[in-house]
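The following note sets out several points for a reader who is new to the study of protein structures. Please keep the sequence and the structure in view while reading.

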Amino acid sequence: MGLEQKLGNMGVVTTRLEDLVNWSRTNAMWPMLFGLACCAIEMMSAQAANYDMSRFGMELMRASPRQSDLMIVAGRVSRKMAPVLRRLYDQMPDPKWVISMGDCASCGGVFNNYAVVQGVDEVVPVDVYVAGCPPRPEALIHGVITLHEKVRRERMKDWA
Amino acid sequence: MSQIEEVTLDGMSHLVSDRALKGETMLLNMGPQHPSTHGVLRLLLELDGETVVNAIPDIGFLHTGIEKNMEAKTYQKAEVMTDRMDYLNTTGNNLAYCLAIEKLVGLDVPERAQTLRVLLAELQRLASHLVWLGTSALDLAAMSDFMYCFREREMIMDIYELISGQRMMTTYIRPGGVWRDVPVEFETAVRELLKIMPRRIDEYESLLTKNPLFIDRTAGIGKISAEDAVNWGLTGACLRGSGVYYDIRKFAPYSGYEQYDFEVPLRTEGDVRARYLVRVAEMRQSVRIIQQALDKLPMGPVRSSNYKFVPPPRSEIGTSMEALIHHFKLWTEGFNAPAGSVYVAVESPKGEQGVFLEGNGGPKPWRIHFRNPSFDNLQALPVLAKGFLVADLVAIIGSIDIVLGDVDR
Ligand code: SF4
């Protein structure tokens, strides 16, 4: 079934502005090209041929925070990196989302010590946590889809 | 939370040249979030126009405190930390760590486990080189190689998942052997990989080796002479690309590497292209070693039967009181290793991976230190980059194959 049937013979689709905006946001969500540690390798696998995140409109990883909507914190965040991470987050234009990928980014993982920030939510607000050390690419994709669902439920009156 | 410190130019006067202080050259930050620094490396570049006058690496953005953390865990439980150091070479790190423990306590490893270790270490070398090839080609804007390399890497990851249930952080090699025997499907999976791999390596090469654009970007770039390479402590393909014949698998064989027939690829140019050619040739040699190991894989136990150090098999625990006690003791308080210190080195995909382990008679390492090849290779970057263009710097960083987890630990 293509779009034609849905359009009817008037060629008009009616929808709510909210839904349209949310739909376009989810289908062209550009992640920032930003890897920290081991999880970044799995993030790269998710981009590569076998898992192919571009199926979800996310093939374009932007190296500049100013061009991206989504920050995937892939790996452990050290105390030295945390201020940098925050600055990158601040540089991203609104609306922006954060996925915390892996145990280290979510809660410190196996590294309960002086060097690692115990959860990146101490530094930036996180929308979706993905568990695993490292999470499989499928798990990351599941996290991304969960985020998409969350974005689709956003309401206009909540937009700041 | 640490604060970002403002650094004035005077505060950096010991790092940069006088010309930078006078404003004749430009200081430019590259990283820590930069697509081609392969992680969180920050470089302070001093540029004269587009020419690199100096490149000062600033590391530590991924410092994880692994060495210190390992001191707080028993010997067995500390092993999971080693996976997360050089995360492209997880089995290789496990191997180095286990060899150190085995040397310290005097454990022997059954033949089947030795062969499996070699097989897995070489599979990992292949996987690591695939990631290197894909990403460093991507830095030079060759996108298709990245896709092809990750396609084959997935096959290797599937093999790892088959034997251990995890794709990357396997901790499959354990002190005294390996975790458990491989499943029956293992052999078919590896044979399948071996069948296609030589053709696939040809395929990667057909895209790059004779590509004039690739040659222009790599030949003569980032040169280092054999003498300098030795003096800077380079190891691995960076050293062999400069024509120095040094490979720990040949010079101090471990895990029975002396029984395998393989060559150590050498080039004499010492530039980015030489390092590329060495690594690609190494991939072919790895395929050879895997083939030999698989053909000779002997039957037998995969773990030492010294239950003072190695947990007894699950099946014995239900029937034997003694096995139950051993198991309980090992997993609660660990084993006591004798006091003393050992150094063990293995050839990781990046160079010499060394482990210095000191025990004090207790169940935890007193001090453990890693000689990580990426760290030592990275310190030669200023020498390699001097006088080349900023665009070449990207190729040079790719060619020394650093993993920041390995540099910072
Ligand atoms: S969660 Fe595991 S794989 Fe991910 S960065 Fe932490 S240690 Fe590495």
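Helices here are DSSP runs of H or I with at least four residues, numbered from the N terminus. The model under discussion is a predicted one.

1. A residue beyond a helix. A:Met156 is found in the segment after helix 6 (137-152) of chain A. With a relative accessibility of 35%, A:Met156 counts as partly exposed, because partly exposed covers the range between under 20% (buried) and over 50% (exposed).

2. A nonpolar patch. On the surface, A:Met156 forms a nonpolar patch with A:Leu17, A:Leu20 and A:Trp23. Together these residues have about 420 Å² of accessible area.

3. The largest nonpolar core. This core has 147 residues, of which A:Met71, A:Val73, A:Leu85, B:Tyr87, B:Leu123 and B:Phe186 touch the most other members. Its largest share, 13 residues, is supplied by helix 5 (residues 111-139) of chain B. Domain 1 (4-58) and domain 2 (67-73 + 83-96 + 108-305 + 375-407) of chain B both contribute residues, so the core lies between them. In soluble globular proteins, nonpolar side chains tend to be buried together.

4. Not counting residues up to four places away in sequence, B:Leu123 touches B:Ile156, B:Ile159, B:Tyr160, B:Leu193 and B:Ile290.

5. The domains of chain B. The domain assignment gives domain 1 (4-58) and domain 2, the latter made of the segments 67-73, 83-96, 108-305 and 375-407. Their C-alpha centres lie 31 Å apart. The contact between the two takes 18 residues from domain 1 and 18 residues from domain 2.

6. Sequence separation and spatial distance. How far apart in space are B:Val383 and B:Asn54, which are 329 residues apart in sequence? From C-alpha to C-alpha, the distance is 8.3 Å. B:Val383 lies in helix 16 (residues 381-385) of chain B. Its relative accessibility is 28%, so B:Val383 counts as partly exposed.

7. A residue in a loop. B:Gln76 is placed in the loop between helix 2 (66-71) and helix 3 (79-83) of chain B. Is B:Gln76 buried or exposed? B:Gln76 counts as buried, because its relative accessibility is 11%. Leaving aside neighbours within four places in sequence, B:Gln76 is in contact with B:Phe309, B:Pro311, B:Leu330, B:Trp331, B:Gly334 and B:Phe335.

Terms used
Residues numbered from 1 in each chain as written. Chains lettered and ligands numbered in written order. Predicted model: local features only at pLDDT ≥ 70, side-chain atom pairs only at ≥ 80, totals over all residues. Heavy atoms only, no water. Helix = DSSP H or I, 4+ residues; strand = E, 2+ residues; numbered from the N terminus. Buried < 20%, exposed > 50% of the residue type's maximum accessible area, 1.4 Å probe, protein only. Contact = heavy atoms within 4.5 Å. Core = buried A, V, L, I, M, F, W, Y, C linked by side-chain atoms within 4.5 Å. Domains from an automatic or database assignment. Patch = residues over 30% accessible without salt bridge, like charges linked within 9 Å, V, L, I, M, F, W, Y side chains within 5 Å. Areas by Shrake-Rupley, 256 points an atom, 1.4 Å probe, with all protein chains shown as cover. Salt bridge = Lys/Arg side-chain N within 4 Å of Asp/Glu carboxyl O.
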